Amino acid sequence: MLDETLVFVGNWEKSEYGRSLKEKFSVCKNIHLLAPIYELHIVNWLRSNARVYIHGHSAGGTNPSLVEAMNLSIPILAFDCVYNRATTEEKCLYWKSSDDLQDLMKNKSGKFAEIAREMGETGKRLYSWERIARQYNALYQ
């Protein structure tokens, strides 16, 4: 097991699966399972003070929480799916299983500074309000 302190934010009470995860992992001293946080300044504070952001979403499109983390210029370990690869332009580290994730934390931490830089540059280039507004404006012309 990793010695890292892990903080997860989620709605643990919404499903049986969430409740089972909370029951199983709340006994671990280095794992903190927080209830949902909807105040962006608090979420950004948590993310910006993290050594790494682990993005576990596996469905959808361009996930807002992933884009927000990218724009904070922090290293990202994302679940390996087409949406996350497209959003990050395949520039972060990807995992499919808990073993993959542990391996990345143990053996790839030397790449974290480079990944943080790449995520910040990619986030600012692809997901700035100026660029998004230009794209919407082009649709109406």
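Let's start with a cysteine: Cys92 counts as buried, because its relative accessibility is 7% and the cut-off for buried is under 20%. Cys28, by contrast, counts as partly exposed, because its relative accessibility is 25%. This is a predicted model, and it holds zero disulfides. Cys92 is in no disulfide; the nearest cysteine sulfur belongs to Cys81 and lies 10.0 Å away.

| Pocket | Volume | Lining by class |
|---|---|---|
| Largest pocket | about 1700 Å³ | 25 nonpolar, 14 polar and four charged residues |
| Second largest pocket | about 190 Å³ | five nonpolar, three polar and no charged residues |

The largest pocket is lined by 43 residues, and the closest to its centre are Val7, Phe8, Val9, Trp12 and Ile54. Which elements supply at least two residues each to this lining? Three are strands, namely strand 1 (6–9), strand 2 (31–34) and strand 3 (53–55).

Turning to the second largest pocket, its lining consists of Thr62, Pro64, Val67, Asn71, Tyr127, Ser128, Trp129 and Ile132. Here helix 3 (64–70) and helix 7 (129–139) each supply at least two of the lining residues. No charged residue is found in the lining of this second largest pocket, whereas the lining of the largest pocket has four.

Methods:
Residues numbered from 1 in each chain as written. Predicted model: local features only at pLDDT ≥ 70, side-chain atom pairs only at ≥ 80, totals over all residues. Heavy atoms only, no water. Disulfide = S-S within 2.5 Å. Buried < 20%, exposed > 50% of the residue type's maximum accessible area, 1.4 Å probe, protein only. 1 Å grid on protein atoms, 1.4 Å probe; cavity = no way out; pocket = protein on both sides within 12 Å on 5 of 7 lines; lining within 4 Å. Points joined across faces, edges and corners; volume = space filled by probe spheres on them. Helix = DSSP H or I, 4+ residues; strand = E, 2+ residues; numbered from the N terminus. Nonpolar A, V, L, I, M, F, W, Y, C, P; charged D, E, K, R; others polar.
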